[in-house]
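Here is a friendly briefing to read alongside the model on your screen. Please take a look at the fold, then work through the notes below.

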Amino acid sequence: MGAVVQCQGFLFDLDGTLVDSLPAVERAWCNWADRFNLAHDEVLGFIHGKQAITSLRHFMAGRSEAEIAAEFTRLEEIEASDTTGIVALPGAVALLNRLNDLAIPWAIVTSGSMPVARARHRAAGLPLPEVFVTAERVKRGKPEPDAYLLGAELLGLAPQACVVVEDAPAGILSGLAAGCYMIAVNAPAETPSLSEADFVLQSLEEIAVTRQADGSVQISKTR
């Protein structure tokens, strides 16, 4: 892992990276697990970083697409309306404001659907991104690279010029597969390919960003 990364733009995951939505996520999915007589640990161990529809198809194997779609709609309504306890993670607002002050392009790239992502973004009081990539905009969700490739494209940047900031194993694999630089924040120690990340941090507060005279962006650790 290097001491400095140079890039042109940022691609941020939302849940667990910029916002602490874990209590709301777990409330919704544990409620769903109870309806289908599934163990909470089994469900919670699978869902993080993935699109909801992917998780539903996994746990509802053999059910019709109509049944799965109905469960998705119900779950989406619950997750979009339950924002109790959702807050920005330490350093998130300051970092995004810093990028805006330096005119550095950034996007949010989330596995959540638009209604859920927008609700959590608002609840956390984050600045508005230039680009907001949600589940509806890609055919293949994380850990496939599609979402981060689209985020880079919509910022007008090559993936290799972007740094992904992620907490979930599926998202870290997605960003690496897209060819981006990787900052893993508060990622599980057993995350596959974690050693390939450029930085492994505990908090966004550890990220320092400066713009160089040639216009390039330099990222380093504060501690």
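The protein chain carries 17 positive and 28 negative side chains, and the centres of the two sets lie 3 Å apart. Here Lys and Arg count as positive and Asp and Glu as negative, while His and the chain ends are not counted; each charge is placed at NZ of Lys, CZ of Arg, CG of Asp or CD of Glu. Please keep in mind that this is a predicted model, in which local features need pLDDT of at least 70, side-chain atom pairs count only at pLDDT 80 or more, and totals for chains, interfaces and linings use all residues. Residues are numbered from 1 along each chain as its sequence is written, and side-chain values use heavy atoms, with hydrogens and water left out.

**Overall build**

- The protein chain holds eight helices and eleven strands; these are DSSP runs numbered from the N terminus, with helices (H or I) of at least four residues and strands (E) of at least two.
- The radius of gyration is 17 Å, which agrees with the value near 17 Å for a compact globule of 223 residues; it is taken over C-alpha atoms, and the globule rule is 2.2 Å times the number of residues to the power 0.38.
- Along the principal axes, the C-alpha atoms fill a box of roughly 55 × 30 × 30 Å.
- Of the 223 residues, 51% count as buried, where buried means under 20% relative accessible area, exposed over 50%, and partly exposed in between (1.4 Å probe, protein chains only).
- Among contacts with a separation of 6 or more, 58% join residues 24 or more positions apart; contact means heavy atoms within 4.5 Å.

**Nonpolar cores**

- The largest nonpolar core has 32 residues, of which Phe10, Phe12, Leu18, Leu99, Ile183, Val209 and Ile219 touch the most other members. Helix H5 (residues 92-101) supplies the largest share of this core, four residues.
- A second, separate core has 21 residues, including Leu11, Ala152, Cys162 and Ala178.
- A nonpolar core is a set of buried Ala, Val, Leu, Ile, Met, Phe, Trp, Tyr and Cys residues joined through side-chain atoms within 4.5 Å.
- Leaving aside neighbours within four places in sequence, Ile183 is in contact with Val163, Val164, Val165, Glu166, Phe199, Leu201, Ile207 and Ile219.

**Helix H6 and its cover**

- In helix H6 (residues 114-124), the buried residues are Val116, Ala117, Ala119, Arg120, His121 and Ala124.
- Their cover includes E3, helix H1 (22-35), helix H4 (65-81), strand E4 (87-88), strand E5 (106-109) and strand E6 (131-133).

- Thr17 sits in the loop between strand E2 (9-12) and strand E3 (19-20), and counts as buried because its relative accessibility is 1%.
- Not counting residues up to four places away in sequence, Thr17 touches Leu89, Val165, Glu166, Asp167 and Leu204.
- Leu22 belongs to helix H1 and is partly exposed, with a relative accessible area of 42%.
- Leu22 and Ala33 are eleven residues apart in sequence, and their C-alpha atoms are 16 Å apart in space.

**Backbone points to check in the loops**

- Lys142 and Pro143 are joined by a cis peptide bond, with omega about 20°; Pro143 lies in the loop between E6 and helix H7 (146-155).
- Asn37 is not a glycine, yet has a positive phi of about 55°. Its place is in the loop between H1 and helix H2 (40-47), and at 72% relative accessibility Asn37 counts as exposed.
- Asn186 also has a positive phi, near 55°, in a residue other than glycine. Asn186 is found in the loop between strand E8 (181-185) and strand E9 (199-201), and counts as partly exposed at 48% relative accessibility.
- Asn186 touches Asp167, Leu201 and Gln202, not counting residues up to four places away in sequence.
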